[in-house]
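Welcome! Take a look at the sequence and the model first.

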Amino acid sequence: MLREILIYMLAFGMLFFLGDFAHNYYIENQGITLGFSLRNMYAFHAFFSLQLCIIFALLSNNEKLRPQLGFIYLGSFVLKMIVFCIVFYSVLFTTEKL
């Protein structure tokens with residue numbers, strides 16, 4: 001179990017840095033300026049998704065909850081979007097149009 005969690009952490013860390021680097025590289029080459037921190041958004045999604053993967057890895061060992069993991073995932077996805085909108089409210093709703 002610990003090895004599986006470490007693999008998740010390594011994979012999410014690599015994807016975070018690769019995605020962040022590639023996106024920022026493209027934006028800088030195009031001369032685009034953003035009014036918000038793209039790295040913070042990447043960090044939020046990487047951290048939240050990593051936490052969900054760890055939770056689901058732990059919950060998958062419970063025979064009683066295993067059939068319900070799909071429904072739990074759907075609820076956690078909605079929760080992720082709600083928390084994202086709360087955390088990045090000013091970027092999404094109060095700044096200039098993107």
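Which residues in helix 2 meet which residues in helix 3?

## The contact of helix 2 with helix 3

From helix 2 come M41, F44, H45, F48, S49, L52, F56 and L59, and they meet L69, I72, Y73, S76, L79, K80, M81, V83, F84 and V87 of helix 3; contact here means heavy atoms within 4.5 Å. By type, the residues of this contact split into 14 nonpolar, three polar and one charged. Ala, Val, Leu, Ile, Met, Phe, Trp, Tyr, Cys and Pro count as nonpolar, Asp, Glu, Lys and Arg as charged, and the others, Gly among them, as polar.

## Packing geometry

## The whole chain

The model is predicted, with local features needing pLDDT of at least 70 and side-chain atom pairs pLDDT 80 or more, while totals for chains, interfaces and linings use all residues. Residues are numbered from 1 along each chain as its sequence is written, and side-chain values use heavy atoms, leaving out hydrogens and water.

The protein chain has four helices and zero strands (DSSP runs of H or I with at least four residues, and of E with at least two). Its C-alpha trace spans about 50 × 30 × 15 Å along the principal axes. Of its 98 residues, 21% count as buried, that is, under 20% relative accessible area with a 1.4 Å probe.

Notes. Buried < 20%, exposed > 50% of the residue type's maximum accessible area, 1.4 Å probe, protein only.
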